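Biologist: I'd like to learn how to read a model like this one, feature by feature. Could you walk me through it?

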Amino acid sequence: MSVPRRVVTGLDDEGRSAVIIDGQTPPWGETGGRIWRTETCPADNSGRSDCPDVPFSFDLMQSGGSTVMAHSFPPGAPEFWHATDTIDYIVMIEGEVVLQLEAEEVTLRAGDVLVVRGVIHSWRNDTAKPARAVIVALPAHPLGKGSTV
């Protein structure tokens with residue numbers, strides 16, 4: 001999977017705004033990359049170290065703070081119906097993917113922005129090329145029956 005360049009700002013030794021990290025997004029499994037993770041909301045922007053390098057899990061997304069990741073939707077991947085106790089902001093960067101919902105489906109293409117508000121959903125890539133997105137996940141109160149993962 002191709003992951004985006006990650007540029008992170010902070011304060012230098014003299015308290016000036018500066019770039020503190022510039023490089024490739026660290027991988028998070030075969031289909032994703034960890035862009036950033038905060039432990040709390042509001043976030044603590046002090047410090048100059050990278051965010052904690054912890055394995056991806058749905059529990060992590062729902063445990064407080066924020067999660068930002070790059071994700072690839074490979075062609076022919078099996079459907080995975082799920083809901084999380086999060087609100088997810090998804091920006092399609094490349095390709096197209098079908099968002100499957102219980103009542104309908106919608107095709108998302110590069111440039112589209114989606115807000116998933118804790119509902120049951122799945123993804124399907126009907127093309128021959130991977131689709132790529134950036135996802136921001138924040139914890140949310142359960143909707144309906146709540147999280148399934």
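Biologist: Let's start with charges. Which side chain meets that of arginine 109 in a salt bridge?

Modeller: A salt bridge here is a side-chain nitrogen of Lys or Arg within 4 Å of a carboxyl oxygen of Asp or Glu. For arginine 109 the partner is glutamate 96, at 3.2 Å from N to O. Arginine 109 sits in strand S7 (residues 105–109) and glutamate 96 in strand S6 (residues 96–101), so their pairing ties together parts that are 13 residues apart in sequence. Strands (E, at least two residues) and helices (H or I, at least four) are DSSP runs, numbered from the N terminus.

Biologist: Before we go on, what ground rules apply?

Modeller: This is a predicted model, where local features need pLDDT of at least 70 and side-chain atom pairs count only at pLDDT 80 or more, while totals for chains, interfaces and linings use all residues. Residues are numbered from 1 along each chain as its sequence is written, and side-chain values use heavy atoms, with hydrogens and water left out.

Biologist: How exposed are arginine 109 and glutamate 96?

Modeller: Buried means under 20% relative accessible area, exposed over 50%, and partly exposed in between (1.4 Å probe, protein chains only). Arginine 109 is partly exposed at 44%, and glutamate 96 is partly exposed at 28%.

Biologist: How many salt bridges does a search of the whole structure find?

Modeller: Eleven. One of them joins aspartate 53 to arginine 34, at 3.8 Å from N to O. Arginine 34 is in strand S3 (32–38) and aspartate 53 in the loop between S3 and helix H1 (58–61), so this pair ties together parts 19 residues apart in sequence.

Biologist: Now the rings. How many aromatic pairs does the structure hold?

Modeller: Four. A pair of aromatic rings is described by the distance of the centres and the angle of the planes. Rings of Phe, Tyr and Trp (its six-membered ring) pair if their centres lie within 6.5 Å; planes under 30 degrees apart count as stacked, over 60 as edge-to-face and the rest as tilted. Tryptophan 28 and phenylalanine 56 have centres 5.3 Å apart and planes at 70°, so they are edge-to-face. This pair links distant parts of the chain, 28 residues apart: tryptophan 28 is in the loop between S2 and S3, phenylalanine 56 in the loop between S3 and H1. Phenylalanine 56 also pairs edge-to-face with phenylalanine 58, at 5.4 Å and 75°. Ring pairs link Trp28, Phe56, Phe58 and Phe80 into a cluster.

Biologist: Last one: what does the side chain of threonine 67 contact through a polar contact?

Modeller: A polar contact is a pair of N or O atoms within 3.5 Å; within protein, one must be able to donate a hydrogen and the other to accept it, and residues adjacent in sequence count only if both atoms are side-chain atoms. Threonine 67 reaches the side chain of arginine 37 at 3.1 Å. Threonine 67 lies in strand S4 (residues 66–73) and is buried at 0% relative accessible area.
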